[in-house]
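I set out to record what I looked up in this structure, entry by entry.

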Amino acid sequence: QTCPDPAYVLYWFIGNLIPGGFMNIRDIAKLAGVTHTTVSKILNNKGSISEETKKKVLAIIKKNNFYPS
């Protein structure tokens with residue numbers, strides 16, 4: 001059995017100290033009213049997503065200090 005990555009352990013520990021834990025891509029999608037696939041495309045600058053949707057999703061990401069893992 002191997003020891004988990006210390007960075008992951010710290011991330012998990014801090015995430016469990018915060019009520020509700022860290023947000024994930026599905027949480028962002030739910031708040032924006034889009035699919036997690038759409039959020040992924042925006043984060044990776046792929047596909048054709050309307051500017052309005054991009055602005056909405058990016059504003060939610062910024063407001064919630066979301067950092068993809």
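Entry 1, the end of the helix. I began with N65, which has a positive phi of about 50° and comes just after α4. I took helices as DSSP runs (H or I, at least four residues; strands would be E, at least two), numbered from the N terminus. The model is predicted, so I noted that local features need pLDDT of at least 70 and side-chain atom pairs pLDDT 80 or more, while totals for chains, interfaces and linings use all residues. Residues are numbered from 1 along each chain as its sequence is written, and side-chain values use heavy atoms, with hydrogens and water left out.

I asked which residues of α4 are buried. They include V57, I60 and I61, where buried means under 20% relative accessible area, exposed over 50%, and partly exposed in between (1.4 Å probe, protein chains only). These three cover an arc of only 100° around the axis and therefore lie on the same side of α4; the arc is taken from the directions from the helix axis to the C-beta atoms. On the face turned away from the buried side I found the exposed residues E52, K55, K62 and K63. The buried residues of α4 pack against α2 and α3, with contact meaning heavy atoms within 4.5 Å.

The largest nonpolar core has 10 residues, among them V57, I60 and I61. I used the definition of buried Ala, Val, Leu, Ile, Met, Phe, Trp, Tyr and Cys residues joined through side-chain atoms within 4.5 Å. Two or more residues each come from α2 (25-32), α3 (36-43) and α4.

I searched the whole structure for salt bridges (a side-chain nitrogen of Lys or Arg within 4 Å of a carboxyl oxygen of Asp or Glu) and found one. It joins E51 and K54, at 3.6 Å from N to O. Both residues lie in α4 (residues 51-63), three residues apart, about one turn of the helix. E51 is partly exposed at 49% relative accessibility, and K54 is partly exposed at 21%.
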